[in-house]
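Work through the exercises below with the sequence and the model open side by side. Each task is followed by a solution in steps.

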Amino acid sequence: EVQLVESGGGLVQAGGSLRLSCAASGFTFDDYAIHWFRQAPGKEREGVSCISSSDGSTYNADSVKGRFTMSSDNAKNTVYLQMNSLKPEDTAVYYCGVGSSCLDSIVGYWGQGTQVTVSS
């Protein structure tokens with residue numbers, strides 16, 4: 001059974017940092033891409049970052065480039081999203097999802113999400 005469990009969300013002031021984790025199980029971690037998406041109230045879910053577990057290549061949305069960094073620990077089947085210089089507009093529920101590639105946004109499985117709230 002594929003499982004993705006996010007953690008690390010919380011309340012932070014603008015300019016602060018958080019690190020999200022996504023622990024994965026039930027599939028061969030190295031063969032897939034792990035995505036971070038976010039969804040703010042009243043808005044569509046949007047892609048934030050992605051890492052290809054096979055070679056560590058990462059991709060970031062323009063809105064987070066230079067502020068968010070994604071990494072993976074394949075031994076622990078865990079990916080991380082380091083979020084720095086947070087802004088109020090980063091407030092959203094953050095979800096990790098597993099897909100076949102970072103070159104598309106097709107996700108087969110989702111985690112339950114973790115809330116990130118950035119106060120101004």
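A pocket here is an open set of grid points with protein on both sides within 12 Å along at least five of seven lines, and its lining residues have an atom within 4 Å of a point. The model is predicted.

**Exercise 1. The largest pocket**

Task: State how much space lies in the largest pocket, which residues lie nearest its centre, and which element gives the largest share of its lining.

Solution. 
- Step 1. The space in the largest pocket comes to about 150 Å³.
- Step 2. Its lining holds 14 residues, and those nearest the centre are His35, Gly47, Ser49, Cys50 and Cys102.
- Step 3. Two or more lining residues come from each of β4 (33-39), β5 (46-52) and β6 (58-60).
- Step 4. β5 supplies the largest share, 4 residues.
- Step 5. Sorted by class, the lining has 8 nonpolar, 5 polar and 1 charged residues.

**Exercise 2. The partners of β4**

Task: Find which strands pair with β4 and over how many bridges.

Solution. 
- Step 1. With β5, strand β4 pairs in the antiparallel sense over 6 bridges. Within this pairing, Cys50 of β5 is the residue opposite His35.
- Step 2. The hairpin of β4 and β5 has 6 residues between the strands, and Gly42 takes a positive phi near 75 degrees in it.
- Step 3. With β9 (residues 92-99), strand β4 is again antiparallel, over 7 bridges. Arg38 has Tyr94 of β9 as its bridge partner.
- Step 4. As for cover, 6 of the 7 residues of β4 are buried.

**Exercise 3. The open sheet**

Task: Give the strand order of the open sheet of 4 strands, and explain why one side of β1 and of β7 is left without a neighbour in the sheet.

Solution. 
- Step 1. The order is β1-β3-β8-β7, and the pairing is antiparallel.
- Step 2. Take the pairs in order. β1 and β3 (residues 18-25) are antiparallel over 5 bridges, and Val5 is opposite Ala23 of β3.
- Step 3. β3 and β8 are antiparallel over 6 bridges, and Cys22 has Val79 of β8 as its bridge partner.
- Step 4. β7 and β8 run antiparallel and are joined by 6 bridges, with Thr69 opposite Gln82 of β8.
- Step 5. β7 and β8 also form a hairpin with 4 residues between them, where Asn77 in the turn has a positive phi of about 50 degrees.
- Step 6. Strand β8 (residues 78-83) has 5 of its 6 residues buried, so the rest of the structure largely encloses it.

**Exercise 4. The disulfides**

Task: Work out how many disulfides the whole structure has, and which parts of the chain each pair ties together.

Solution. 
- Step 1. The search of the whole structure gives 2 disulfides.
- Step 2. Cys22 is joined to Cys96, with an S to S distance of 2.1 Å. Cys22 belongs to strand β3 and Cys96 to strand β9, so this pair ties together parts 74 residues apart in sequence.
- Step 3. The S-S torsion of Cys22 and Cys96 is about 65 degrees, so this disulfide is right-handed. Both Cys22 and Cys96 are buried.
- Step 4. The sulfur atoms of Cys50 and Cys102 are 2.0 Å apart, in a disulfide. Cys50 lies in strand β5 and Cys102 in the loop between β9 and β10 (109-110), so this pair ties together parts 52 residues apart in sequence.
- Step 5. The S-S torsion of Cys50 and Cys102 is about -85 degrees, so this disulfide is left-handed.
- Step 6. Buried means under 20% relative accessible area. Cys50, at 3% relative accessibility, therefore counts as buried, and Cys102, at 15%, also counts as buried.
- Step 7. With the bonded cysteines numbered in sequence order, the pairing is 1-3, 2-4.

**Exercise 5. Leu11**

Task: Decide whether Leu11 is buried or exposed, and in which strand Leu11 is found.

Solution. 
- Step 1. Leu11 is in strand β2 (residues 10-13).
- Step 2. Exposed means over 50% relative accessible area. Leu11 has a relative accessible area of 66%, so Leu11 is exposed.
- Step 3. Between the C-alpha atoms of Leu11 and Pro41 the separation is 16 Å, the two residues being 30 residues apart along the chain.

Methods: Residues numbered from 1 in each chain as written. Predicted model: local features only at pLDDT ≥ 70, side-chain atom pairs only at ≥ 80, totals over all residues. Heavy atoms only, no water. 1 Å grid on protein atoms, 1.4 Å probe; cavity = no way out; pocket = protein on both sides within 12 Å on 5 of 7 lines; lining within 4 Å. Points joined across faces, edges and corners; volume = space filled by probe spheres on them. Nonpolar A, V, L, I, M, F, W, Y, C, P; charged D, E, K, R; others polar. Buried < 20%, exposed > 50% of the residue type's maximum accessible area, 1.4 Å probe, protein only. Pairing = 2+ DSSP bridges. Disulfide = S-S within 2.5 Å.
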